[in-house]
Amino acid sequence: MAIDLTIYLDDQPGELARLGEVLGRGGVNIDGFCAVTSGGGRAEVHVLVEDATAAFTELTTAGIGIGIEQEVAVVDVEDRPGVLGEMSRKLGEAGVNITLAYLATRTRLVFAADDLARAQAALVD
């Protein structure tokens, strides 16, 4: 099961490095991530992990809080023009609202949605 962790960090030099180092020392592989500044001196980071328990342990020990934990759909895709549109269209036609999307390692798309079961079913067609 793939889990997306939403983590809020201070928007300052070295914070993303600290996050990566904490997870790395704990043996937690980051399968994908997205980081953006959200204003007000904060950054929102989404981290895709398989082992959420180990990630929680390492992050909590380091004093890094997790805002949201959610299961996400992860789909292998070809690295070619139009793939994002094709996959997103499948979800749209199934009536699924995408709440989060990013590209992960090994050319995989990550989607969170308002109806994950319906999203997963639409993506396998």
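Select Arg108 and Asp31. The side chain of Arg108 reaches the backbone oxygen of Asp31 at 3.4 Å. That falls under the polar contact rule: a pair of N or O atoms within 3.5 Å, where within protein one must be able to donate a hydrogen and the other to accept it, and residues adjacent in sequence count only if both atoms are side-chain atoms. This is a predicted model, in which local features need pLDDT of at least 70 and side-chain atom pairs count only at pLDDT 80 or more, while totals for chains, interfaces and linings use all residues. Residues are numbered from 1 along each chain as its sequence is written, and side-chain values use heavy atoms, with hydrogens and water left out.

Stay on Arg108. It lies in strand S7, residues 108-113. Helices (H or I, at least four residues) and strands (E, at least two) are DSSP runs, numbered from the N terminus. Is Arg108 buried or exposed? Arg108 is buried, yet has no salt bridge. Buried means under 20% relative accessible area, exposed over 50%, and partly exposed in between (1.4 Å probe, protein chains only). A salt bridge needs a side-chain nitrogen of Lys or Arg within 4 Å of a carboxyl oxygen of Asp or Glu. The nearest side chain of opposite charge, Asp31, is 4.3 Å away. For charge, Lys and Arg count as positive and Asp and Glu as negative; His and the chain ends are not counted.

Now show the surroundings of Arg108. Residues up to four places away in sequence aside, Arg108 touches Asp31, Leu48, Val74, Val75, Asp76, Tyr102 and Leu103. Contact here means heavy atoms within 4.5 Å.

Next, the salt bridges. The whole structure has 5 of them. Select Asp10 and Arg42: their side chains pair at 2.8 Å, N to O. Asp10 is in strand S1 and Arg42 in strand S3 (residues 42-49), so the pair ties together parts that are 32 residues apart in sequence. Asp10 is partly exposed at 36%. Arg42 is partly exposed too, at 33%.

Move to helix H1. Glu15 and Arg18 form a salt bridge at 3.0 Å, N to O. The two are 3 residues apart in H1, so about one helical turn separates them. Glu15 counts as buried, at 10% relative accessibility. Arg18 is partly exposed, at 30%.

Select Asp115 and Arg118 for another salt bridge, at 3.2 Å, N to O. Asp115 is partly exposed at 25%, and Arg118 at 37%. Then pick Glu78, Arg80 and Glu86: salt bridges that share partners join these residues into one network.

Now the interior. In soluble globular proteins, nonpolar side chains tend to be buried together. A nonpolar core is a set of buried Ala, Val, Leu, Ile, Met, Phe, Trp, Tyr and Cys residues joined through side-chain atoms within 4.5 Å. Select Ile7, Leu19, Val49 and Leu59. These have the most contacts inside the largest core, which has 15 residues. S1, H1, S3 and helix H2 (52-61) are the elements that give two or more residues to this core. S1 gives the most, with 4 residues.

Zoom in on Val49. Beyond four places in sequence, Val49 contacts residues including Met1, Ile3, Val28, Asp31 and Ala55. A second, separate core has 14 residues, among them Met87, Leu91, Ala119 and Ala122.

Last stop: Gln12, in the loop between strand S1 (3-10) and helix H1 (15-25). Gln12 is partly exposed, at 45%. Its C-alpha atom is 25 Å from that of Ala52, 40 residues apart along the chain.
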